[in-house]
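The tour below goes from one selection to the next.

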Amino acid sequence: MTDDDALQRLLGDIFDKDMDEFRDFLLEEEDVWKDLVLYLDKHDGWRFLETLLRAREIAAAAAKESNPKIITARGLLQHPLFES
């Protein structure tokens, strides 16, 4: 799991884009990720991570709307994850 494509494949193919299952896997099976899991839990980081990993899907869906909501880097930086 070293790049975003591998992470997206893992989430898509193994966990069917279910962040809760992915979180549980990391917490139970991969002890090295425990501190990160707890940090993401504390700072709503799972929603942030899901937004990043689904950015292409979100952008494609938004492009079909008459008044699309666009996710910007500035908007992402205002996420609670970066306030800590």
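For the first stop, a helix axis is a line fitted to C-alpha atoms over the stretch in contact, and the angle between two axes runs from 0 to 180 degrees between N-to-C directions. Keep in mind that this is a predicted model.

Select helix 2 (residues 19–29) together with helix 4; helix 4 covers 45–53. The two pack at an angle of about 115 degrees, and their axes are 11 Å apart. Their crossing is right-handed. To see what touches, show side chains for Met19, Phe22, Arg23 and Leu26 on helix 2, and for Trp46, Leu49 and Glu50 on helix 4. Sorted by class, this contact has five nonpolar residues, two charged ones and no polar ones.

Next, select Asp44, in the loop that runs between helix 3 (34–42) and helix 4. Is Asp44 buried, partly exposed or exposed? Its relative accessible area is 32%, so Asp44 is partly exposed, the range for that class lying between 20% and 50%.

His79 counts as buried because its relative accessibility is 9%, and the cut-off for buried is under 20%. Which residues does His79 touch, leaving aside neighbours within four places in sequence? They are His43, Asp44, Gly45, Arg47 and Phe48. Finally, display the backbone nitrogen of Leu81: a polar atom of the His79 side chain lies 2.9 Å from it.

Technical notes:
Residues numbered from 1 in each chain as written. Predicted model: local features only at pLDDT ≥ 70, side-chain atom pairs only at ≥ 80, totals over all residues. Heavy atoms only, no water. Helix = DSSP H or I, 4+ residues; strand = E, 2+ residues; numbered from the N terminus. Buried < 20%, exposed > 50% of the residue type's maximum accessible area, 1.4 Å probe, protein only. Polar contact = N/O pair within 3.5 Å; in protein donor to acceptor, adjacent residues only side chain to side chain. Contact = heavy atoms within 4.5 Å. Left-handed = near helix turned anticlockwise from the far one by under 90°. Nonpolar A, V, L, I, M, F, W, Y, C, P; charged D, E, K, R; others polar.
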